[in-house]
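Subject: Structure for you to look at

Hello,

Here is the structure I promised to hand over. Please open it and keep it in view while you read my notes below.

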Amino acid sequence: MNPVADIASGARNGFLEIWANKVRSMLSMSGIVLGVAALVAMVGIVQGMLDNMRSSFERSGGILKIEVHPRTPPESQKHIAGISPGMTWRDYSAIQRATPLAEFITPVVDMRWERFVGKGRRAGALLQGVTPDYVSIQNRELAYGRFISETDIKLKSPVIVLGDHVVADLFRDYDNAIGQQLKVDGDVYTVVGQLAPVESSGLSGNGGWNWESRLNFIPATTAMSRYRGSNEVDRMEILASNVRELPDLMEQVENTLTQTHRGIRDFEIRTQEEQLMELKKLENSFLYSLGGIAGISLLVGGIGIMNVMLASVSERIREIGVRKAIGARSHDIFIQFLAEAVVISLLGGLLGLVASVGLLSVARDIIPQGEGIQTVPVIAMLYGFLFSSGIGLLSGIYPALRASRLDPIDALRYE
């Protein structure tokens with residue numbers, strides 16, 4: 001008894017059987033092909049999206065950045081919440097004076113979506129009011145001109161720094177937009193800076209919609225004056241000089257805001273570590289959900305293989321009887337049918353990998369900013385192939401057992 005020789009003989013018989021019944025074999029392996037192709041393609045696209053989110057996280061200060069957001073005060077302070085002035089420009093000034101560990105700090109006045117009009121064209125994009133430190137915190141580069149200056153802040157200047165999306169829509173006929181004028185919500189602004197395009201490492205975080213390229217900036221004081229009519233800000237972003245000083249910086253910021261808010265805890269300090277944990281949770285959610293969908297697809301493919309193998313056993317009962325009559329043992333029959341099922345699943349897995357490369361290539365071409373999608377996600381392909389092989393092995397066990405347990409006399413009498 002030589003198990004290796006038996007397996008090799010079974011695999012060879014499996015290939016011969018598949019070749020003799022090409023159409024039936026192709027139909028039986030189609031479930032595996034589609035399951036593997038869908039698994040690898042979905043993982044490749046989602047992986048590109050997550051890579052882009054990680055790149056955005058690193059560009060926006062990484063773990064060194066903290067954000068301060070307003071929040072509802074605790075229940076015990078709600079009856080005196082009115083004595084707090086809320087999050088205002090005064091908080092920004094106080095943190096600047098009282099927190100020497102803050103390397104860069106900026107308030108953000110978020111106008112969200114606005115309509116930009118210039119040169120007879122229109123474009124929708126995001127508008128934020130910030131201070132000069134913003135460009136250092138977000139690690140953004142300028143392609144032309146300059147960013148918001150301290151003089152712009154003091155004079156509430158009507159100047160704007162554009163992202164590449166608005167430039168491409170409104171000033172596509174010019175080398176750059178510096179010195180041009182445009183209107184936002186009826187107010188006229190002069191373009192003083194143009195941000196460099198943000199490189200995407202895959203799908204952007206909103207289905208191919210790169211939000212960073214749609215961000216545009218004006219002085220925070222101009223935003224408060226023109227859009228708010230008050231000194232309220234939406235949040236503050238602060239960058240520490242190193243990780244070691246981050247806890248002390250957070251304590252300084254908390255103590256400062258407790259004073260400016262008159263003891264009311266109507267603010268919260270968020271760290272990028274929390275966002276990183278959320279990103280990991282999102283990644284795990286994608287992997288589990290995609291793995292479940294792909295697993296079901298492959299399971300259906302495995303059931304298809306089992307069904308075809310059972311039909312094959314029924315059609316070849318006399319052949320099994322003849323083989324047993326001339327000396328074939330039960331385990332020879334078992335290995336023959338099991339090898340045939342495994343060969344079908346292996347071929348299906350390989351064809352699925354080829355199809356996934358084609359799907360990912362098409363996705364790179366038709367999805368906006370999908371250049372970073374990997375056409376060959378090696379890890380996903382490896383798992384897809386191994387899983388499909390396992391499904392083929394499991395789906396072939398029952399038909400192989402049924403064939404090996406046939407009585408040779410009953411099999412020879414079978415009509």
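A residue counts as buried when its relative accessible area is under 20% and as exposed when that area is over 50%, with partly exposed in between. Keep those cut-offs in mind, as I use them throughout. One caution: this is a predicted model.

**Domains**

The chain splits into two domains. Domain 1 takes in 3-59 + 278-413, and domain 2 covers 63-271. Their C-alpha centres are 52 Å apart.

**Aromatic pairs**

There are five aromatic pairs in the count. Take Tyr134 and Phe147 as one of them: their rings are stacked, at 6.4 Å centre to centre with 10° between the planes. Tyr134 sits in helix H4, while Phe147 sits in the loop between strand E4 (142-145) and helix H5 (150-155), so this pair ties together parts that are 13 residues apart in sequence.

Are these two residues buried or exposed? Phe147 has 8% relative accessibility, so it counts as buried. Tyr134 is buried as well, because its relative accessible area is 4%.

Now compare another pair, Phe171 and Tyr174. This one is edge-to-face, with 6.4 Å centre to centre and 75° between the planes. Phe171 has a relative accessible area of 1%, so it is buried. Tyr174 comes out at 36%, so it counts as partly exposed.

One more point on rings. Tyr134, Phe147 and Phe217 are linked by ring pairs into a cluster.

**Around Thr131**

Find Thr131 next. It lies in the loop between strand E3 (121-130) and helix H4 (134-137). Thr131 counts as buried because its relative accessibility is 1%.

Which residues does Thr131 contact, leaving aside its neighbours within four places in sequence? They are Trp89, Tyr92, Ile105, Thr106, Pro107, Phe147, Ile153 and Ala220. Ala220 belongs to helix H7 (residues 220-228). In that helix, Ala220, Thr221, Thr222, Ala223, Met224 and Tyr227 are buried. After H7 comes Gly229, and its phi is positive, near 65°.

**Arg146**

Arg146 is in the loop between E4 and H5. It has 35% relative accessibility, so it counts as partly exposed. Set aside its neighbours within four places in sequence, and Arg146 is in contact with Asp152, Val161, Val192 and Gly193. Arg146 and Asp133 are 13 residues apart in sequence, and their C-alpha atoms are 13 Å apart in space.

**Positive phi without glycine**

Lys119 is not a glycine, yet its phi is positive, about 55°. It lies in the loop between strand E2 (102-118) and E3. Its relative accessible area is 42%, so Lys119 is partly exposed.

Asp185 is not a glycine either, and its phi is also positive, about 55°. Look for it in the loop between strand E6 (181-184) and strand E7 (187-195). Asp185 is exposed, because its relative accessible area is 53%.

**The second largest pocket**

This pocket has a volume of about 170 Å³. Two elements give two or more residues to its lining: helix H2 (22-59) and helix H9 (272-315). Which of the elements gives the largest share? The answer is H9, with six residues.

The lining residues are Leu39, Val43, Gln47, Glu283, Leu287, Gly291, Ala294, Gly295, Leu298 and Phe387. Sorted by class, six are nonpolar, three are polar and one is charged.

**Ile379**

Last stop: Ile379, in helix H12 (residues 378-404). With 55% relative accessibility, Ile379 counts as exposed. How far from Gly44 is it, in sequence and in space? Ile379 and Gly44 are 335 residues apart in sequence, and 9.8 Å apart in space from C-alpha to C-alpha.

Best wishes

Definitions and conventions. Residues are numbered from 1 along each chain as its sequence is written. This is a predicted model: local features need pLDDT of at least 70, side-chain atom pairs count only at pLDDT 80 or more; totals for chains, interfaces and linings use all residues. Side-chain values use heavy atoms; hydrogens and water are left out. Buried means under 20% relative accessible area, exposed over 50%, partly exposed in between (1.4 Å probe, protein chains only). Helices (H or I, at least four residues) and strands (E, at least two) are DSSP runs, numbered from the N terminus. Contact means heavy atoms within 4.5 Å. Domain bounds come from an automatic or database domain assignment. On a 1 Å grid over the protein atoms alone, a cavity is a set of points where a 1.4 Å probe fits but cannot get out, and a pocket is an open set with protein on both sides within 12 Å along at least five of seven lines; lining residues have an atom within 4 Å of a point. Grid points are joined across faces, edges and corners, and a volume is the space filled by probe spheres set on the points. Ala, Val, Leu, Ile, Met, Phe, Trp, Tyr, Cys and Pro count as nonpolar, Asp, Glu, Lys and Arg as charged, and the others, Gly among them, as polar. Rings of Phe, Tyr and Trp (its six-membered ring) pair if their centres lie within 6.5 Å; planes under 30 degrees apart count as stacked, over 60 as edge-to-face and the rest as tilted.
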